[in-house]
Amino acid sequence: MEATSKPGAPSGVLQATAPPLDYSFKELRSCSEMETEEPRGGGVRRHPAATDKDPNLTSISLGGGDHSSAPMAVQAPGGTMLPVSKGGQHGLSPKKIIRKVCVAVKLNNNMIETVADLPQSLEPVMDNPLLNCQWLDLSYNQLASIEPVPHSVH
């Protein structure tokens, strides 16, 4: 997992590729069943109504006395991002925030017959699927054809 600063990411937040969401061998009959099924080990699906801290955010302490790098933040209780000055104000030690972004979904070895509902089925389980999804495994399903997906971005 390599952390990089991505354009469009909040200041002081690094983005890293998360493990794929693995729905393989789940006996899914349609893509919409991903919303009610938990993925296998590895990736953590998005929980839009979660009140606890985001499982895709990890804060890491900065070692040594070098606090001169990019802007820093810490995640306070309730998920609020607080900037931290060089002196480590707010009573918290300086930290970097790493946001894990899922870019792959494994739907192999199921009984899926159509992918017509795939774009809307990915919305509840991953952030910005039309922008972030780079790899999709649909091997060993019951697909007779693959319908074209409209290229609209919400």
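Q: What is a nonpolar core?
A: A nonpolar core is a set of buried Ala, Val, Leu, Ile, Met, Phe, Trp, Tyr and Cys residues joined through side-chain atoms within 4.5 Å. In this predicted model, the largest such core has 15 residues. Those with the most contacts inside it include Leu21, Val105 and Leu118.

Q: Which residues does Leu118 touch?
A: Leaving aside residues up to four places away in sequence, Leu118 touches Cys31, Met34, Leu107 and Leu136.

Q: And the sheet, what is the strand order?
A: The sheet is open, with three strands in the order β3-β8-β9 and parallel pairing. Its edge strands are β3 (21–22) and β9 (135–137), each of which pairs on one side only.

Q: How many bridges join β3 to β8?
A: Two bridges join β3 to β8, which covers residues 104–106. Leu21 has Val105 as its bridge partner in β8.

Q: Changing topic: how many salt bridges are there?
A: The structure holds three salt bridges. One of them is between the side chains of Asp22 and Lys106, at 4.0 Å from N to O. This pair links strand β3 with strand β8, its residues being 84 apart.

Q: Is Asp22 buried or exposed?
A: Asp22 is buried, because its relative accessible area is 12% and buried means under 20%. Lys106, at 24%, counts as partly exposed.

Q: What about Arg99, which residue does it meet in a salt bridge?
A: The side chain of Arg99 meets that of Asp127, at 2.6 Å from N to O. Arg99 lies in strand β7 and Asp127 in the loop between α1 and α2, so the pair ties together parts 28 residues apart in sequence.

Q: Where does pLDDT stay under 50?
A: It stays under 50 over residues 65–71. The mean pLDDT of the protein chain is 75.

Definitions and conventions:
Residues are numbered from 1 along each chain as its sequence is written. This is a predicted model: local features need pLDDT of at least 70, side-chain atom pairs count only at pLDDT 80 or more; totals for chains, interfaces and linings use all residues. Side-chain values use heavy atoms; hydrogens and water are left out. Buried means under 20% relative accessible area, exposed over 50%, partly exposed in between (1.4 Å probe, protein chains only). Contact means heavy atoms within 4.5 Å. Two strands pair if DSSP finds at least two bridges between them. Helices (H or I, at least four residues) and strands (E, at least two) are DSSP runs, numbered from the N terminus. pLDDT is the predictor's confidence in each residue, from 0 to 100.
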